[in-house]
Amino acid sequence: MKIIDRYLVKQFLQSIFFGLIAFTLLFVVIDMMEKLGDFIDQNVDTNMIIQYYIVFTPEIIRLMTPVAVLLASLFTVGKLSNQNELTAIKAGGISFYRFILPFFVTAFIISLFSVYFGGYIVPAANKHKVFIEQTYLKKGIVYFGSNIYFQDTKTRIVTINIYDLANDQANQVSIQEFDPIDKTKLLERIDAFRMKYDSAKACWILYNGFKRTFQDSLETVEKFVTKELCNLNFKPEDVIKKQRKPEELTLPELAELANEQIRTGNDPTQIQIEYQSRIAYAFSSVIVVLFGLPISARRRGGLALHFGINLLITFIYLVFMKVSQAFGKNGILDPFITAWFSNFIFLIAAIYNIKRAMK
């Protein structure tokens, strides 16, 4: 690596680091002011509040990394331009393509790390953050999962009125089996007061219920005290997982959930969009660098100007992202295109800006 490359990368990384610290502190202060009353009302001790904001920080970093990268690229190149260092670099025979190479490589490495960071570290932190909110702030409490319903197979629907996490059992359960050809025709229905998983047999045990079998206009009713069902495709941890939010799931868990949705005949579009969006958003750091560098190289002005440009570009990017997601969730766009649409648009604009900067 040449001296000029080390100099540019150092300036670039310092600006990114400063931007992430500034954005993180800003978000933490705003959130703390919003939740201060809740912390006081629930008598949350200081150590738990500190722990809460420690696990809140990864999500802020994930969201703000592309913004910090864009701000750093605009600020770094703008500073070089204002101090005539950019002119000296061009006079030294370094092309604009060669000049942006260290920025591009650094942003690409940051994007690769962001995929891992957003796909594994952030969900784990979000899971602990939700636990603190449920336990100490009494928000979104899931001591009992209520009104849970899901499709176990293409012909089977399971409804659980209450799932008791403390005793690891389902209460007031209904399992309905439909005709594979005519999905409106109910073949069998099992209602039970209680259902518990037997890990030794890998079966669910139902207690105190009725099994109804429907054939044409005839209905057969069978009462039971206990009944084993070994053909159900879920376990207790799967029931709990179905109540978790997508932001609490890692990339493999999202992929597994999408496959499960396909297997059971449900629409996996929203899960697939979430999966692709995490990867696309991580690589937006590369796109915004290629987009922002030519703008900053062609303009003069202070930090306020470059910061204003950063905010405008960020706003436009988020608008494109939200619009494409709306179309994707309605089934108009493929999940991959939905997630990467903003990056594609900004990449085209970046290539155009680079061509203009070369003139």
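The largest pocket in this predicted model is lined by 41 residues, and Pro 246, Glu 247, Gln 270, Glu 274 and Lys 329 are the ones nearest its centre. Two or more lining residues come from each of α2 (46-82), α4 (96-136), β1 (144-151), α6 (251-263), α7 (269-298) and α8 (303-329). Its volume is about 1000 Å³.

Here a pocket is an open set of points on a 1 Å grid over the protein atoms alone, where a 1.4 Å probe fits, with protein on both sides within 12 Å along at least five of seven lines; lining residues have an atom within 4 Å of a point. By class, the lining has 18 nonpolar, 11 polar and 12 charged residues.

Now to the cysteines. With a disulfide taken as a pair of cysteine sulfur atoms within 2.5 Å, the count comes to 1 disulfide. Cys 203 and Cys 230 form it, with sulfur atoms 1.7 Å apart, and the link is right-handed, at 100° about the S-S bond. Cys 203 sits in strand β5 (residues 203-215) and Cys 230 in the loop between β6 (218-229) and α5 (236-241), so the pair ties together parts 27 residues apart in sequence.

The two partners are set out below; buried means under 20% relative accessible area, exposed over 50%, and partly exposed in between (1.4 Å probe, protein chains only).

| Residue | Relative accessible area | Class |
|---|---|---|
| Cys 203 | 3% | buried |
| Cys 230 | 47% | partly exposed |

Residues are numbered from 1 along each chain as its sequence is written, and side-chain values use heavy atoms, without hydrogens and water. Local features need pLDDT of at least 70 and side-chain atom pairs count only at pLDDT 80 or more, while totals for chains, interfaces and linings use all residues.

How values were computed
Grid points are joined across faces, edges and corners, and a volume is the space filled by probe spheres set on the points. Helices (H or I, at least four residues) and strands (E, at least two) are DSSP runs, numbered from the N terminus. Ala, Val, Leu, Ile, Met, Phe, Trp, Tyr, Cys and Pro count as nonpolar, Asp, Glu, Lys and Arg as charged, and the others, Gly among them, as polar.
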